[in-house]
Amino acid sequence: MTNNILSISNVTVKFGGLVALNDFHINVREGGISGVIGPNGAGKTTVFNIITGVYKPFSGSVKVNNMELVGTPTHIIAHQKVARTFQNIRLFANMNVLENIIAGACIKREGTFLSSLFLLPKALKQEKEILNKANKLLQFCGLEKFKDFPAISLPYGMQRKLEIARSLMTDPHLLLLDEPAAGMNPTEKIALQELVQKISEQKISVLLIEHDMKFVMNLCENITVLNYGSVIAEGTPDIIQTNHDVIEAYLGSDVEDDFTIKDTLNVAR
Ligand SMILES: Nc1ncnc2c1ncn2[C@@H]1O[C@H](COP(=O)(O)OP(=O)(O)OP(=O)(O)O)[C@@H](O)[C@H]1O
């Protein structure tokens with residue numbers, strides 16, 4: 001039996017009169033890579049915001065590791081082994097690459113201000129562990145040669161990888177990637193694809209939002225398609241690519257019956 005790291009059911013999110021998510025559902029299996037796609041404003045980022053406790057659903061259930069998050073205080077949700085990256089890169093621009101990764105550990109840091117101030121053995125040990133881990137992640141994400149560079153000076157693709165490296169400092173079980181390939185060139189996208197694959201091999205489940213169809217279809221075992229807050233299709237890339245509702249949502253209603261996403265969006269697998 002497969003275990004789900006994430007189970008969302010019957011979730012509705014409203015902003016005044018606007019229904020951002022309407023009876024939404026999704027399951028992500030442990031160690032799997034799943035995707036959420038849909039046109040602009042479909043509700044994709046809202047999905048991430050309910051998983052991380054930024055928005056409270058009007059109704060429904062959001063479970064991570066079988067723990068119900070709806071009704072759980074945000075500071076407890078923050079410790080549920082879920083990490084995320086954002087559509088707009090949010091690095092500490094003038095800190096170097098290693099320091100940015102280390103910053104990702106702040107949520108896990110134990111001990112008191114005084115134990116750090118007086119360099120007590122426990123605090124020193126913890127600092128050393130954090131540094132070791134940051135160096136390992138630097139390598140894992142292929143960022144070693146940029147270690148001392150200010151984050152802002154990195155090529156775009158590397159900045160996105162740095163965001164991912166920083167998010168991995170919290171040892172997440174579920175990683176949420178919001179448009180990770182946005183603005184990347186084809187070579188950077190292939191490198192990112194390999195990194196996401198490597199992350200999933202570490203038994204970290206991944207849920208990603210992405211507009212790049214080739215990237216989504218190559219990586220995800222399961223895709224959920226949103227349109228105006230409702231799920232209009234879900235399934236494997238092969239199922240999604242040929243789904244007429246999906247093609248219509250992206251391209252309008254005057255699409256011929258034998259068109260597929262592969263034809264229209266030039267998806268090569
Ligand atoms: N805090 C908010 N207050 C009011 N409306 C909101 C808020 N957050 C999102 N929305 C609205 O909810 C709908 C879904 O937004 P969301 O950001 O989830 O879409 P999206 O699919 O991620 O879009 P994009 O691909 O453009 O990022 C949109 O109509 C958006 O304007």
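Predicted model: local features only at pLDDT ≥ 70, side-chain atom pairs only at ≥ 80, totals over all residues.

I began with contacts, taking two residues as touching if their C-beta atoms, placed from the backbone, lie within 7 Å. Of the contacts in the protein chain with a separation of 6 or more, 65% are between residues 24 or more positions apart.

Numbering runs from 1 along each chain as its sequence is written.

Next I looked up secondary structure, with helices (H or I, at least four residues) and strands (E, at least two) as DSSP runs numbered from the N terminus. The protein chain has 11 helices and 10 strands.

Then burial: I call a residue buried if 20 or more other C-beta atoms lie within 10 Å of its own, with C-beta atoms placed from the backbone. By that rule, 35% of the 269 residues in the protein chain are buried.

The buried ones are K44, T46, V47, F48, N49, I50 and I51. Just after α1, I found G53 with a positive phi of about 80 degrees.

I counted residues whose C-beta atom, placed from the backbone, lies within 6 Å of it. Around the ligand I found F15, L18, A20, G38, N40, G41, A42, G43, K44, T45 and T46. Two or more of the shell residues come from each of β2 (18–29) and α1. I noted that α1 gives the most, with three residues.

Methods. Buried ≥ 20, exposed ≤ 12 C-beta atoms within 10 Å, placed from the backbone.
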